[in-house]
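Q: I have a new structure to look at, and I would like to learn how to read its features one by one. Could you walk me through it?

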Amino acid sequence: MEIKSEKRGLFNRFLDFIEKYGNRLPDPVMLFVYIAVIILICSAIFGALGTTAINPGTGEEIKVVNLLNGDGLIMILTNLVKNFTSFPPLGLVLVVMLGVGLAESTGLISTVMKTTILNAPKKIILPTIVLVAILGNAAADAAMVVLPPIVAMIFIALGRHPIAGLAAAYASVAGGFSANLILSVLDPLVAGFTEIGAQIYDPSYKANPAMNYYFLAFSTLVLVPVAVFVTTKIVEPRLGKYEGITEELEEVTPAEKKGLLWAALSVAVILGTVLALSIPENGIFRHPETGGLTVSPLMDSLVPLMMILFLVPSIIYGKIVKSITNSKDFADHLAKAMSGMGMYIVIAFVAAQMIAYFNWSNLGPIVAIKGAETLEALGLKGVPLFIGFIIVAALINFLIASSSAKWAILAPVFVPMFMIMGYSPALTQAAYRIGDSITNPITPMLAYFAIALTFAKKYNPKMGIGTFMTSLLPYSIAFAIMWILLFAVWYLLGIPLGPEGEIFLSK
């Protein structure tokens, strides 16, 4: 018992160190400004030095672009507005939050919690939340926006710390991003780059989008108890008792029951309509050429559909319980839903500029390619080789957040290299997807980190990056340990990773 306590104490001291010095960092807005300035300076220095790298996929030479010369300054000024308005998370967050905010403002979410979640056995509430969060990556980035604020409200209603709930939801979606029980839009996207890399070695190779399915589906079931343990044993104890304003949940009134019933019926109608437009072979939500759903108008429409899925039942519920009596009430509720997004909009503006500068400079791909060359030079084999590859992919996540962008760079290097050593592309892809996921919760290059921090500041306006990071870092560490162990066992037992997903190349 003493050894266990000592280990736990050491880890807590490590988190204390992260929190202490992390909180000394500037406010997120200024932090992004400083990082942007550093990127500009580095682009000038390494551009002047002529730093280059060869893209292994195309053979094209990549040069560092100096952003502090005349052309760079013109690019910065002429694209400033476009960087902001075309920043992908900006529209996604604001559109989804219209629906979620209205559901919260009208009282619909509170009533749903009172009648369903809070009446469920408490032992299954957190595991259910984590499972839903991991499965939510099938909706791509939208789950990172929708789930954290809702789970924070659930935790308050349960008498638990809302930031613990927010962290659990965000870390489960982001950290378990590749795990799922169903195929998502990411599977064929990643498989496409795997195929390109494999064809460098074997021009006849065809990648199966489901070739990691068995491994990733089992990973989902493994990560759920890990996230539950981290939340209850590490994150919540560190946060302590929530001292903010809590809402006492009263009994559900007859009007609320009626409103909830009609809201549920409206959800059923919306989902039924979506299914009716998706299931038939000629459904308008299917891909017009392939007829598929994984890459289709349905997936491209997820964000507006999610908004509608919250908006319509919220209006119906509000009408029945009289929280919406006229068009002015409706407009006021929408304004209230958006009123708390001011800080996010400011953060999105500076983050958009910083990420644009980094992409223009070519610093990210060059560092990624150099890291790949370093790993290749180490000469490792078997499990240590793939652990090294997972770590490289996880570290590159701090430079390039996009899963497809990273894999477009790494696949042409590692897939054929490992094929030469006898390993299948499916194994390399599975290792990449672990590395791509585990540092997602803590990388500021993933724009949703700033969003999650904005949500956290609602419950603690003085929340610093250090404190917030110590609520997310344990998930990244725990996911990394468990996922790497699972990968090692899977490799050693020689279990297929999915259909056409053998460990080794057939001879």
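Q: How are H12 and H14 oriented to each other, roughly parallel or roughly antiparallel?
A: Start with the angle between the two axes: over 145 degrees counts as roughly antiparallel. In this predicted model, the axes of helix H12 (residues 254-276) and helix H14 (residues 302-321) cross at roughly 150°, so the two helices are roughly antiparallel to each other. Their axes come within 8 Å, and the crossing is right-handed.

Q: Which residues in H12 and H14 meet?
A: Here you look for heavy atoms within 4.5 Å of each other. On the H12 side, the residues include Trp262, Ala263, Val267, Ile270 and Leu271. On the H14 side, they include Leu305, Ile308, Val312, Pro313 and Tyr317. Sorted by class, this contact has 17 nonpolar, two polar and two charged residues.

Q: What is the separation of the C-alpha atoms of Phe87 and Ile355?
A: Those two C-alpha atoms are separated by 9.4 Å, while the residues are 268 apart along the chain. Leaving out residues up to four places away in sequence, Phe87 touches Ala348, Ala351, Ala352, Ile355 and Ala447. You will find Phe87 in the loop between helix H4 (80-85) and helix H5 (88-106).

Q: Why does Phe87 count as buried?
A: The cut-off for buried is under 20% relative accessible area. Phe87 has 10% relative accessibility, so Phe87 counts as buried.

Q: Now another helix pair. At what angle do the axes of H7 and H9 cross?
A: The axes of helix H7 (residues 122-135) and helix H9 (residues 162-175) cross at roughly 35° and come within 7 Å. This crossing is right-handed. Val130, Ala133 and Ile134 in H7 meet Ala169, Ser172 and Val173 in H9. By class, the contact divides into five nonpolar residues, one polar and no charged.

Q: Where does His161 lie, and what does it touch?
A: His161 lies in the loop between helix H8 (142-157) and H9. A polar atom of the His161 side chain is 3.2 Å from the backbone nitrogen of Ile163. Beyond four places away in sequence, His161 touches Phe155, Glu236, Leu239, Gly240, Lys241 and Tyr242. Its relative accessibility is 11%, so His161 counts as buried.

Q: Where do Lys322 and Asn362 lie?
A: Lys322 is in the loop between H14 and helix H15 (327-339). Asn362 is in the loop between helix H16 (342-361) and helix H17 (363-378).

Q: Does accessibility read as buried, partly exposed or exposed for Lys322 and for Asn362?
A: Lys322 counts as exposed, at 62% relative accessibility. Asn362 is partly exposed, with a relative accessible area of 21%.

Terms used
Residues numbered from 1 in each chain as written. Predicted model: local features only at pLDDT ≥ 70, side-chain atom pairs only at ≥ 80, totals over all residues. Heavy atoms only, no water. Axes fitted to C-alpha atoms, helices over the stretch in contact; angles between N-to-C directions. Helix = DSSP H or I, 4+ residues; strand = E, 2+ residues; numbered from the N terminus. Left-handed = near helix turned anticlockwise from the far one by under 90°. Nonpolar A, V, L, I, M, F, W, Y, C, P; charged D, E, K, R; others polar. Buried < 20%, exposed > 50% of the residue type's maximum accessible area, 1.4 Å probe, protein only. Polar contact = N/O pair within 3.5 Å; in protein donor to acceptor, adjacent residues only side chain to side chain. Parallel < 35°, antiparallel > 145°, perpendicular 65-115°, else oblique.
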